[in-house]
Amino acid sequence: MKKFLGRTFLGIAWGCTINCLVMLIISFSEGKIYFTANEYLKQLICSAVVGIAFALPTFIYENEKLSQGIKCLIHLGIGFITYFINAFIAGWFPIGLDIKIVIGSVLIMIALSFVIYFFFWLYYKNEAKKINQKIKNH
């Protein structure tokens, strides 16, 4: 239960942080952003849900019976499906569904996911290296 709550709150933190960064980028590029309180709340909730959807499925990596590729596919599949649902709810995709914006959003989401995945992979690879070094020295 402790791990579950920890990953849930980590997902909320990631989702809201990325939302803030995106809003900053948009505000710098467009000069301003206006939201009603309800619209802003919807943005935050959807961002938190997407963050949770990417954080909670990381439990799949504890399953040693599945290949790393399948684990990644399940993890990112859950995250992307949740992202797309929330993108429509939050209005991250325009109502007219301009295909260029949808494709751009998909590509950005995939790139961002793999950048984050890559840094976690580097971190855990380094941790394994440290553990192996400690084992060698004893």
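Leaving aside its neighbours within four places in sequence, which residues is Gln 43 in contact with?

Guide: This is a predicted model, in which local features need pLDDT of at least 70 and side-chain atom pairs count only at pLDDT 80 or more, while totals for chains, interfaces and linings use all residues. Residues are numbered from 1 along each chain as its sequence is written, and side-chain values use heavy atoms, with hydrogens and water left out.

Gln 43 is in contact (heavy atoms within 4.5 Å) with Asn 19, Met 23, Phe 35, Ala 90 and Trp 92, once its neighbours within four places in sequence are set aside. The side chain of Gln 43 also reaches the backbone oxygen of Ala 90 at 2.9 Å. That counts as a polar contact: a pair of N or O atoms within 3.5 Å, where within protein one must be able to donate a hydrogen and the other to accept it, and residues adjacent in sequence count only if both atoms are side-chain atoms. With a relative accessible area of 4%, Gln 43 is buried (under 20%, by a 1.4 Å probe on protein chains only).

Gln 43 belongs to helix H2; helices are DSSP runs of H or I, at least four residues, numbered from the N terminus. The expected span is 1.5 Å times one less than the number of residues. Besides Gln 43, the buried residues of H2 include Cys 46, Ser 47, Val 50 and Phe 54. Helix H1 (2–30), helix H3 (68–90) and helix H4 (99–137) are what the buried residues of H2 pack against.

Consider H3 next. The axes of H2 and H3 (lines fitted to C-alpha atoms over the stretch in contact, with angles from 0 to 180 degrees between N-to-C directions) come within 8 Å and cross at roughly 170°. The two helices are therefore roughly antiparallel, a label for angles over 145 degrees. From H2, the contact draws on residues including Lys 42, Gln 43, Cys 46 and Phe 54, and from H3 on residues including His 75, Tyr 83, Asn 86 and Ala 90. By type, the residues of this contact are 11 nonpolar, 5 polar and 1 charged. Here Ala, Val, Leu, Ile, Met, Phe, Trp, Tyr, Cys and Pro are nonpolar, Asp, Glu, Lys and Arg are charged, and the others, Gly among them, are polar.

On the H1 side, the buried residues of H1 pack against H2. They are Arg 7, Thr 8, Gly 11, Gly 15, Asn 19 and Met 23, and Asn 19 and Met 23 were listed above as contacts of Gln 43. Thr 8, in helix H1, is buried at a relative accessible area of 14%. Its side chain reaches the backbone oxygen of Phe 4 at 2.8 Å. Beyond neighbours within four places in sequence, Thr 8 is in contact with Ile 52 and Leu 56. H1 itself has 29 residues and runs 42 Å from first C-alpha to last, close to the expected 42 Å. After H1 comes Gly 31, with a positive phi near 90°.

As for the whole chain, it has 4 helices and 0 strands. Of its 138 residues, 24% count as buried. Among contacts with a separation of 6 or more, 65% join residues 24 or more positions apart. The C-alpha trace spans about 60 × 30 × 25 Å along its principal axes.

Conventions: Buried means under 20% relative accessible area, exposed over 50%, partly exposed in between (1.4 Å probe, protein chains only). Angles under 35 degrees count as roughly parallel, over 145 as roughly antiparallel, 65 to 115 as roughly perpendicular and the rest as oblique.
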